[in-house]
Amino acid sequence: MDEKIHIDLEDFSEDQFMERFIKEIQSEEAVFILGIFVALALVVLTVVFFGNFWGSSKARNAVLLLGLCDSGKTLLFTRLLLGRFVRTQTSITESSATYKSKHDRGGSWTLIDVPGHESLRVQIVEKYKAVARAVVFVVDSSIFQKDVRDVAEFLYSILTDSTVAKNAPTLVVACNKQDITMAKSAKIIQQQLEKEMNTLRLTRSAALSSQDGAVGGSVYLGKKGKDFEFSQLSSRVEFVECSARGNKGEDGDADIDALEKCLAKL
């Protein structure tokens, strides 16, 4: 009995005990270190994700004023910034300034007036489209019937751009010059634009099919198999009536409250 106990005690030597103890400590240290690395990795991934999310949101702080020549963009630009009438002329380069919303809880954005001439606007839109938080597309409501094809083609080119489609900036169609008697309403302008852009989509899609591929990184507008409607877009779309000149001309206030309310929602 005594001999057996003596043998067990010899087997459980001090060296074996220390060796086992060290191995257990090392194993626990490895698990602890691995846990630290996993925790750090999760922190880094979280910071990167939210950094990209917030960064992209903050980076896209431009509001682009687009439209054909003489649609009233520049006067609308000065009305939004200064709140008063300023005589303008056809722009040959972009103008930009910080716009602060006049409504409660509204933010501030970089408002960019883009020239309406086709030879100028293409490069400028290309320059700013990635940072556009919203596009204000200005339409001359008084001659819309005459310009509907050109308006539709310009707007179509914007909405089918791959960068614009991915970022989905808010689209506000500002039906300007409502102070003129023959001006079309926002509802009629929306309906006629949808019809014209649906026709454009058919002809452009047929052209792309014949060329066996997409051109210029464009995307399909709306939903396949359905007539085009603005409600099919992933971005928020609003049609508003306004008058940069106002009913009382140079001495009166502009009728742009509906537009300012849209901008306050950005």
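**Reading the inside of a predicted fold**

Trainee: How many cavities of 30 Å³ or more does the count come to here?

Mentor: The count comes to one cavity of 30 Å³ or more. On a 1 Å grid over the protein atoms alone, a cavity is a set of points where a 1.4 Å probe fits but cannot get out, while a pocket is an open set with protein on both sides within 12 Å along at least five of seven lines; lining residues have an atom within 4 Å of a point. This is a predicted model, where local features need pLDDT of at least 70, side-chain atom pairs count only at pLDDT 80 or more, and totals for chains, interfaces and linings use all residues. Residues are numbered from 1 along each chain as its sequence is written, and side-chain values use heavy atoms, leaving out hydrogens and water.

Trainee: What is the volume of the largest cavity, and which residues line it?

Mentor: Its volume is about 50 Å³, counted as the space filled by probe spheres on grid points joined across faces, edges and corners. Leu 68, Cys 69, Asp 70 and Ser 71 are among the lining residues, and so are Val 138, Val 139 and Asp 140. Phe 144, Asp 147 and Val 151 line the cavity as well. At least two lining residues come from each of β4 (132-140) and α5 (144-159).

Trainee: How many helices and strands are there?

Mentor: Eight helices and six strands. They are DSSP runs numbered from the N terminus (helices H or I, at least four residues; strands E, at least two). Along the sequence, the pattern is α-α-β-α-β-β-α-β-α-α-β-α-β-α.

Trainee: What about the second largest pocket?

Mentor: That pocket holds about 390 Å³ of space. It is lined by 25 residues, with Asp 70, Gly 72, Lys 73, Leu 75 and Thr 88 closest to its centre. Helix α3 (residues 73-82) gives the largest share of the lining, three residues. Asp 70 also lines the largest cavity.

Trainee: Which residues have the most contacts inside the largest nonpolar core?

Mentor: Leu 66, Leu 193, Met 197 and Phe 230, in a core of 36 residues. Such a core joins buried (under 20% relative accessible area, 1.4 Å probe, protein chains only) Ala, Val, Leu, Ile, Met, Phe, Trp, Tyr and Cys residues through side-chain atoms within 4.5 Å. Helix α5 gives the most to this core, nine residues. Another core of 23 residues lies apart from it, including Leu 65, Leu 76, Phe 77 and Leu 266.

Trainee: Which residues does Leu 66 contact?

Mentor: Beyond its neighbours within four places in sequence, Leu 66 is in contact (heavy atoms within 4.5 Å) with residues including Lys 73, Val 114, Phe 137 and Phe 154.

Notes. Buried < 20%, exposed > 50% of the residue type's maximum accessible area, 1.4 Å probe, protein only.
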